[in-house]
Amino acid sequence: MNQQSARLGHKFFFTLVVLGSAVIAGTTGCKKDEPPPPLPPPPATTAAPPPPLELAPEPEAVPDAAAPTEVKKGTGQAGPSLKKCCAALRQNAANAPPPNNDYMLQAAAACDALVAQGQQKQSIVTAVQVALKGVGMPVACQ
């Protein structure tokens, strides 16, 4: 092979490489960016929670002046067993956060008064439960 044909071969090869590269670059060049996917819909708005239930105190029953009233006296049986309940309420109130400590102190005061009157155990326990307003009752009271 002579030099001229070798140069021609190199030029041809070089031209093919340049043209091939240009074709590849032209077809795979800068692609247009795809648009971003749509944003998710905003979360559904939730309804506001209902306001807390407020209970109105019941009006105290006014005794009829014409009706005879009976005064029930206690039997004196509940005193010693529920004194521990009253003491447990006071002790628990010392460690309870507000407003629970106030409820426990009120329940202890009611407990002391009813025990001193000699009321029956069930009426004392009921009064203590009402005064506690849902706060846990000590084991000594149950």
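Analyst: Start with a helix pair: Y103, M104, Q106, A107, C111, L114 and V115 in α3 meet S123, I124, A127, V128, A131 and L132 in α4. Contact means heavy atoms within 4.5 Å, and helices are DSSP runs (H or I, at least four residues) numbered from the N terminus. By class, this contact has 11 nonpolar, 2 polar and no charged residues. Ala, Val, Leu, Ile, Met, Phe, Trp, Tyr, Cys and Pro count as nonpolar, Asp, Glu, Lys and Arg as charged, and the others, Gly among them, as polar.

The model is predicted: local features need pLDDT of at least 70 and side-chain atom pairs 80 or more, while totals for chains, interfaces and linings use all residues. Residues are numbered from 1 along each chain as its sequence is written, and side-chain values use heavy atoms, without hydrogens and water.

User: At what angle do the axes of α3 and α4 cross?

Analyst: Axes are lines fitted to C-alpha atoms, for helices over the stretch in contact, with angles from 0 to 180 degrees between N-to-C directions. Here the axes come within 8 Å and cross at roughly 160°. Therefore α3 is roughly antiparallel to α4, a term for angles over 145 degrees.

User: Is N101 buried or exposed?

Analyst: Buried means under 20% relative accessible area, exposed over 50%, partly exposed in between (1.4 Å probe, protein chains only). N101 lies in helix α3 and is buried, with a relative accessible area of 18%. Leaving aside neighbours within four places in sequence, N101 is in contact with A93 and A96.

Key: Helix = DSSP H or I, 4+ residues; strand = E, 2+ residues; numbered from the N terminus. Parallel < 35°, antiparallel > 145°, perpendicular 65-115°, else oblique.
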